[in-house]
Structure formats: C-alpha cells, structure tokens
Amino acid sequence: MDWWQNLLLAGVGVIAGMLNVLAGGGSLIVMPTMIFLGIPGAVTNGTARVAILGQNLTAIAGFRQKGFSDFKLSFSLALCALPGTFLGAFLGTKITGVWFNRILATVMLGVLVSMILGQRKKKKPPQNVTEELTTGSEEVNTAATEPAESAGHSVAGHLLMVLAGFYGGFIQAGIGFILIAIMNNLMKIDLVRTNMHKVFIVAIYTIAAIGIFAWQGKIYWATGLYLTVGMSIGGWIGSHLAVSKGESFIRTVLYVAIVCMSIRLLLM
C-alpha cells in the first residue's frame with residue numbers, strides 16, 4: 001500500500017476508535033475504507049482485529065487513569081464470551097457479500113428498539129406514596145427479592161456473553177451495540193461503566209479472534225499496525241470523553257450512530 005493509503009487508514013482509525021469506545025460501529029467506517037483500498041472482505045475482517053485490540057487496550061488504560069475499573073467483573077464477562085468467539089471467528093473467515101450487511105443491520109436495529117424501550121421503562125412515574133404505605137408488607141417482600149433479581153440479571157448477562165462473543169468473533173462490527181444492550185439494559189450498569197467493561201471484554205476476546213484469523217491467513221499485519229496507531233489514539237480520546245461527558249452524551253452518540261449505520265447498510 002502507498003504512504004497516503006496508510007495515512008488515510010490511520011486517520012479513519014482515529015474517528016473509528018472514538019466511536020467504538022463511545023458507542024460502537026467504528027468498524028463500519030474502517031471496513032468499507034479497507035475494501036475500497038483493495039483489501040478482500042475476509043482479510044479486512046481479520047486485519048481490523050489487530051487495530052481493535054490496540055484501541056481497546058488504550059481505552060482500558062484511559063478509563064483506569066480516570067478511576068474507572070472493575071477487572072473482576074470485566075474478566076468474568078470476557079471469559080464467558082470466549083467460547084462463542086472461537087466458533088464465530090472461524091465462520092467469520094468465510095463470510096462475504098451482502099449477508100454481512102443484512103445480518104449487521106438487523107442486529108443494530110434490534111438493539112436500537114431494545115434500548116429505546118428500556119429507556120421508556122426507566123422514565124415511568126413511581127407509584128403513589130399512599131399506595132406504598134398501604135402495602136408495607138408487600139414492600140418488604142419486594143425489597144427482599146431485589147438482590148435475587150439483580151443476581152438473576154447478572155447470570156443472564158454472563159450467559160448472553162457467549163452469544164455476544166460469537167457475534168464479535170463472527171463479524172465484530174457493531175458488537176458495541178450488543179454489549180451495551182446486555183450490560184446497560186439487562187444488567188442495569190450505567191453507560192460509563194458499561195463502556196469501561198466493554199473495552200476490556202472486546203480486548204480479551206479479540207486476542208482469541210486474531211489467533212483464528214491468523215491461522216486462516218486472513219490478516220495483513222503491516223496494514224493492521226498502521227490502523228492500530230489511529231484507533232489507539234481514538235480509543236484514548238473516546239475513553240476520556242465517555243467519562244467527562246457522561247451518560248446522556250454517550251446515549252446521544254449511540255442512537256445517532258445506530259440509525260446512521262443501519263440506514264447505510266440497508267442501502268448498500
């Protein structure tokens with residue numbers, strides 16, 4: 001590749017890295033650019049993983065510097081994602097063509113609907129105070145079941161990580177939307193900490209995915225390193241924006257990203 005092509009990829013990588021950390025879908029900017037530069041689809045899918053690993057390692061450091069880290073939960077979620085990643089990555093070395101766009105657009109629109117419905121439930125007004133006072137015994141029982149319900153959400157979230165790992169290994173692009181839906185909507189983790197866990201999970205399973213793609217000969221290492229520089233810078237910037245701007249900013253970026261990326265995929 002010429003020098004200007006490498007510089008172009010690095011620049012696109014900065015934008016993609018920021019978007020990946022704040023919401024997701026950065027790979028939908030990177031992958032079409034790589035294909036435009038003449039890189040085959042399956043190789044694009046594999047090569048992008050090198051940069052994604054660098055970006056997420058940088059983002060982890062950025063979150064930690066800001067005082068945001070919970071490696072125990074991050075690691076347990078990442079371990080659950082690994083079994084699905086191995087199978088998904090192997091299949092990802094084979095997928096090409098229009099099915100890539102259709103699968104991704106369907107997943108993204110599904111996540112968008114899920115997040116909007118989840119947000120509407122959070123905004124429901126609380127029960128009348130007098131009603132609460134007349135059902136004191138019921139309140140005690142409800143309060144007693146809250147930890148169990150929370151534990152149930154945690155178990156379900158860990159189980160769903162297996163499917164998330166499969167999708168991440170299979171296509172990767174848009175995995176952030178799925179992880180946010182699991183951790184924010186189901187496990188009730190706020191969006192700042194959801195993004196903190198997300199970058200750790202993706203970093204861990206991407207190591208496994210890189211191994212599969214490398215085994216199948218689907219990685220251009222030099223191109224991946226140029227892209228890594230750009231996406232690592234973007235990941236660092238994105239981690240600081242996620243903390244400083246807060247949940248409302250992340251949610252706005254997330255909704256806009258999902259809508260724009262879905263429309264683009266369906267029209268391609």
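Modeller: Buried means under 20% relative accessible area, exposed means over 50%, and partly exposed lies in between. Please note that the model is predicted.

Biologist: Is phenylalanine 170 buried or exposed?

Modeller: The relative accessible area of phenylalanine 170 is 13%. The cut-off for burial is under 20%. Phenylalanine 170 therefore counts as buried.

Biologist: How many aromatic pairs does the structure hold?

Modeller: Ring centres must lie within 6.5 Å to count as a pair. By that criterion, the number of aromatic pairs in the structure is 4.

Biologist: What is the angle between the planes of phenylalanine 71 and phenylalanine 200, which form an aromatic pair?

Modeller: The two ring centres are 5.6 Å apart, and the pair is classed as tilted. It links distant parts of the chain, since phenylalanine 71 lies in helix α4 (residues 71-92) and phenylalanine 200 in helix α9 (residues 191-215), 129 residues apart. The angle between the planes is 40°.

Biologist: Which helix holds both phenylalanine 166 and phenylalanine 170?

Modeller: These two residues form a stacked aromatic pair, 5.8 Å centre to centre with 20° between the planes. They are 4 residues apart, about one turn of the helix. Both lie in helix α7 (residues 136-170).

Terms used:
Residues are numbered from 1 along each chain as its sequence is written. This is a predicted model: local features need pLDDT of at least 70, side-chain atom pairs count only at pLDDT 80 or more; totals for chains, interfaces and linings use all residues. Side-chain values use heavy atoms; hydrogens and water are left out. Rings of Phe, Tyr and Trp (its six-membered ring) pair if their centres lie within 6.5 Å; planes under 30 degrees apart count as stacked, over 60 as edge-to-face and the rest as tilted. Helices (H or I, at least four residues) and strands (E, at least two) are DSSP runs, numbered from the N terminus. Buried means under 20% relative accessible area, exposed over 50%, partly exposed in between (1.4 Å probe, protein chains only).
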